[in-house]
Amino acid sequence: MYESGIASVQGVWWKPAHRAEKVWIAIAFIWCMVLFAMMPLWHLRGGQNPTGIRHRVEPADFRERTNEFIAAYQVGEDAGMPIVEPPPGSDVYLIGMMWQWRPILRLQAGAEYTLHLSSVDVNHGFNLYPFNVNFQVVPGYDYALKVTPTEAGEFRIVCNEFCGVGHHLMVGRIEVVPADATAAADVGDDR
Amino acid sequence: MNAPDAGPGTTTESATGRIAGLFRTCPTTGLAVHRSADRLIKAHAVAATVALLVGGIAALLVLLTRWQAIHLLDPVWFYRILTVHGMNMLIFFIIFFEMAVLMFAGPVLLNSRVPAPKVAWSGFGLMVLGALLVEWTMWTGQADVLFTSYVPLRATPNFYLGIILFAVGALVTTGVFFASLVVAKRERTYEGSVPLVTFGAITAGIIAVITLLHGAAIYIPTWLWSMDLMPVDPQIYRLVWWALGHSSQQINVAAMVSIWYLLATLTVGGVVVNQKISRTAFVLYILFISMASAHHLLVDPGFGAAWKVWNTSYFMYMAVLASMLHGFTVPAGVEMGMRLRGYTQGFFGWLRRAPWGDPGFSSLVFSVVVFGFVGGITGVTFGTEQINIIAHNTLRIPGHFHATVVSGTAMAFMGVTYYVIPLIFRKQIAFYPLAKIQPYLFSIGMLIFSLAMTFAGTFGIPRRHWDISFSGAPFDVQYSPAVDIIIAVMAIGGLMGIVGGAIYIVVTVWSVFFGKPLPAGEEAKYAHSIPPGIINRPWLEIPDTDEEPEAPGKLGQLPGTAILVGIFFVAFVTYYFANWALLSFVWEVG
C-alpha cells in the first residue's frame with residue numbers, strides 16, 4: 001500500500017526498501033567515496049593542484065616586489081610592457097590590474113617557476129590561453145603556484161573575472177622558449 | 001490532505017466548523033484552502049512572473065551580445081544588463097516563486113490557515129520594495145557590479161540595501177510558513193506525518209533560513225563598507241557571499257525536488273516508493289548542502305587543500321548521494337504508480353503510456369533528466385578541487401548552472417504553474433495547445449544552449465565577457481574557428497529557450513488576468529484547456545493493494561528506473577574521468 005506525495009502519512013514510515021533501491025544506494029555511496037578519494041589521490045600522484053603557497057600581502061608591497069622583479073630581469077619591451085626573463089627556479093611576479101597583466105613573462109619549457117599572482121585593485125581571473133588553466137586573483141592575497149610550462153610557444157593571459165568596463169581588453173602575454181634556445185632569444189627581442 | 005478519498009465538492013473534516021468565508025474548499029482536491037494562502041500564492045506568483053519577464057528580456061540582450069555575429073550591446077550596457085539578468089532570475093524570480101511554493105506546501109497541503117496574514121503580507125511588501133530598489137540602482141547604472149558584486153567593486157549603498165530588504169522579507173515569509181506548520185499541528189488539520197511534498201518544502205525553508213542569514217552576514221557589512229563605515233576583505237567576501245550565492249541554489253534544489261514529487265503525484269498519481277529513503281535524502285540536504293560555497297573558491301588563494309577537499313565534497317559527497325537518491329525515487333514513484341494502474345508492459349510501457357501531452361508531466365521529465373544528466377554531472381565534476389582548474393570562470397560554469405537552475409528548477413516551476421492556474425487561480429489555461437509544446441521548446445532549447453556553452457568553455461572561453469574577439473586588446477587571442485560555430489549553436493538553443501519562456505509568460509499572464517474561470521466541479525468539460533491530471537485526479541485513485549505489480553526481467557520491481565539510473569551512472573563515470581584526463585594534459589601546477 002503506497003501513499004502519494006501529497007498525502008499525510010499514517011503510522012510508522014520507516015520501512016524496508018526495495019532491493020533495487022538498496023542496490024542503487026550502495027552503488028551511489030561507493031561512487032561518492034570514489035569521488036572523494038580522487039582529490040587526495042591527485043594531490044599525491046597528480047601534477048595539477050591548486051594549493052600553492054598563500055599569504056596575505058598589501059597591494060603596495062606586491063607592486064613593489066613586482067617592480068624589483070622587473071628591474072632585475074627585464075630583457076625587452078612589447079606594446080609598452082616590459083618583457084621579463086627570470087632564471088629557471090626563481091620567483092616570478094605577475095600583477096593583475098585594471099586592465100592589464102604586468103609584466104610579459106618569458107619562461108623556459110620544462111623549468112619550474114614559482115608564479116606569484118595578485119591584484120592591486122579588484123578581483124581578476126587568470127586564464128592561460130590556449131591551455132585553459134584558471135586561477136582567481138584576489139587583492140590582498142599572494143597566490144604563489146609552482147608552474148612548469150610543458151612546451152614552447154606563445155601564450156596569453158585572459159582576464160576571466162569581471163573587473164570593470166575595460167575587462168575585455170585585459171590580455172597579458174607569456175612566452176615559453178625551448179630550454180636550449182634561451183640564449184638565442186635573449187638577443188634583441190624587443191619588437 | 002488528511003482525507004485522500006475526499007471527492008469533488010466534499011468538505012474535509014478539518015474545514016468544517018470554521019468561520020465561513022475564510023476558507024474555500026477546493027473542488028478538485030477537497031482541500032480546505034485558506035483565502036489568505038490563496039491570495040499570497042497569487043501575489044508571489046505574479047511577482048515571480050514579472051521578474052522572469054525582466055530577466056528574460058535581459059537574457060535575450062545578453063545572448064545577442066555574446067553571439068559575436070550580432071554583438072548587440074556596448075560594454076557598459078552589456079555588463080549592466082548581465083547584472084539585471086542575474087538578479088532577476090537567480091534572486092527575484094526564484095525566491096518569489098519559492099515563497100509561493102512554501103505557502104502551497106504548508107497551509108494548503110496541510111488544510112491549515114495562514115497564521116498572521118498581515119505579517120506575511122509585510123514580508124511580501126519588503127520583498128517588493130527591496131526588488132524595486134535594486135532594479136532602480138541597476139537600470140540607472142549605479143550598480144554595474146554583476147550578480148556577485150565582488151568587493152572591492154563598488155555599487156551604490158541602495159543596491160545592497162535593496163537586497164537586504166528583499167532577504168528580510170523572504171525571511172519573514174519563511175517564518176510564517178514555519179508558523180503555519182505549528183498551527184496545523186496544534187489545530188489538528190492533518191493526521192500522522194506531513195506529506196512528503198511538505199517535508200521537502202520544510203527542507204527548502206530551513207535551507208532558506210541558513211542562506212538568508214549568510215546573506216545578512218555579508219550584505220550588511222558590505223552595505224556599511226559601501227558608505228566607508230567599515231572594511232571588507234575581498235576573500236572573506238567571496239567566502240560568505242557564496243554561502244548565500246550557492247546555498248540559495250540549494251533552496252532551489254530542495255524546492256524543485258519537492259515539486260518533482262508533487263508533479264509526479266498530480267500528473268500520473270506517482271507514489272512514494274519509500275518514505276524513509278526520500279525523507280532521509282532531504283535531511284542530507286539540510287546537513288551538508290550549505291558547504292557548497294567552496295565550489296566557487298577552489299582556485300582561490302585564501303584556502304588550503306584540506307579545507308577545499310572537505311567542503312567541496314559536502315562531507316564526502318553526502319549531498320550528492322541525496323540527489324542520486326531522489327534521482328532514483330522520483331522516476332521510481334512514477335513507474336510504481338503507473339504499474340499499479342496496470343501499465344505493466346515491458347520495461348518502459350509505463351513511460352510510453354504516460355501523458356506526454358500534459359505540460360506538467362513533460363516538464364517533470366525534462367526537469368529530472370536535464371538537471372541530472374547535464375546539471376548534476378557537470379556540477380560534481382567542476383566542483384572537484386583539481387578539475388576546477390580547467391573550469392573556473394569559463395563558459396563551462398554558466399553552462400552547468402543553466403542546466404540546473406533553468407532546465408531543472410525553472411522548468412519544474414513552469415510545469416507546476418500549469419496546475420496552479422486551475423487549482424489556485426481557478427482559471428482555464430489560455431492557448432492550451434501552446435502550453436503543451438512549451439516544455440518541449442523550452443527544455444530542448446535550454447539543453448542545446450547549456451551543452452554548447454559547456455563545450456565552448458572547454459576551449460577556455462571566459463564567462464562574463466563582452467568581446468572574445470579581443471579587438472583593441474594589446475595582444476591577440478584567437479580561439480579555434482570551431483568556437484564560432486559552437487557559440488552560434490548556443491545562441492540558437494538560447495533563442496529557442498527564450499521563445500519557450502515567452503510562451504510561458506504569455507500563457508500564464510493571459511490565463512490569470514484574462515482567462516476564463518473554471519466552474520467548480522465541472523473540470524471534465526474543459527479537457528481541451530486544462531492538464532488531464534486535474535480531470536483524472538490520479539492521486540485519488542492509488543490502488544489499495546499490498547501486492548507488488550508485475551514487472552519483467554530480473555531487475556526487481558522497478559526495472560525501468562533501474563535501467564535509467566544505470567545509463568545515468570555510466571554517463572557520470574565517463575564524464576568525470578574524461579575531465580581528469582583533460583586536466584592531466586595542462587601545465588604542471590601546484
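In the predicted model, helix 2 of chain B meets helix 4 of chain B through B:Met87, B:Ile91, B:Phe92, B:Ile95, B:Phe96, B:Met99, B:Leu102, B:Met103, B:Ala105, B:Gly106 and B:Pro107. On the side of helix 4 of chain B, the contact is made by B:Phe159, B:Ile163, B:Phe166, B:Ala170, B:Thr173, B:Thr174, B:Val176, B:Phe177, B:Ser180 and B:Leu181. By class, this contact of helix 2 with helix 4 of chain B comprises 17 nonpolar and four polar residues, with no charged residues. Helix 2 of chain B spans residues 75–108 and helix 4 of chain B residues 157–186; their axes come within 9 Å and cross at roughly 15 degrees. Angles under 35 degrees count as roughly parallel, and helix 2 and helix 4 of chain B are therefore roughly parallel to each other. Their crossing is left-handed.

Helix 6 of chain B contributes B:Val253, B:Met256, B:Trp260, B:Leu263, B:Ala264, B:Thr267 and B:Val268, which meet B:Gly360, B:Phe361, B:Leu364, B:Ser367, B:Val368 and B:Phe371 of helix 11 of chain B. The contact of helix 6 with helix 11 of chain B divides into 10 nonpolar, three polar and no charged residues.

In one of them, the ring centres of B:Phe373 and B:Phe568 are 5.4 Å apart and the planes stand at 85 degrees, so the pair is edge-to-face. B:Phe373 belongs to helix 11 (residues 359–382) of chain B and B:Phe568 to helix 16 (residues 559–584) of chain B, so the pair ties together parts 195 residues apart in sequence. B:Phe373 counts as partly exposed at 32% relative accessibility, whereas B:Phe568, at 14%, counts as buried.

Another aromatic pair, B:Trp510 with B:Phe514, is tilted, with 4.8 Å from centre to centre and 50 degrees between the planes. Both residues lie in helix 14 (residues 481–514) of chain B, four residues apart, or about one turn of the helix. B:Trp510 has a relative accessible area of 41% and is partly exposed; B:Phe514 counts as exposed at 56% relative accessibility.

B:Phe373 and B:Phe568 also belong to one aromatic cluster with A:Trp24, A:Trp31, A:Trp42, B:Phe328, B:Phe569, B:Phe572, B:Tyr576, B:Phe577 and B:Trp580.

Methods: Residues numbered from 1 in each chain as written. Chains lettered and ligands numbered in written order. Predicted model: local features only at pLDDT ≥ 70, side-chain atom pairs only at ≥ 80, totals over all residues. Heavy atoms only, no water. Axes fitted to C-alpha atoms, helices over the stretch in contact; angles between N-to-C directions. Helix = DSSP H or I, 4+ residues; strand = E, 2+ residues; numbered from the N terminus. Parallel < 35°, antiparallel > 145°, perpendicular 65-115°, else oblique. Left-handed = near helix turned anticlockwise from the far one by under 90°. Contact = heavy atoms within 4.5 Å. Nonpolar A, V, L, I, M, F, W, Y, C, P; charged D, E, K, R; others polar. Phe/Tyr/Trp six-rings, centres within 6.5 Å; stacked < 30°, edge-to-face > 60°. Buried < 20%, exposed > 50% of the residue type's maximum accessible area, 1.4 Å probe, protein only.
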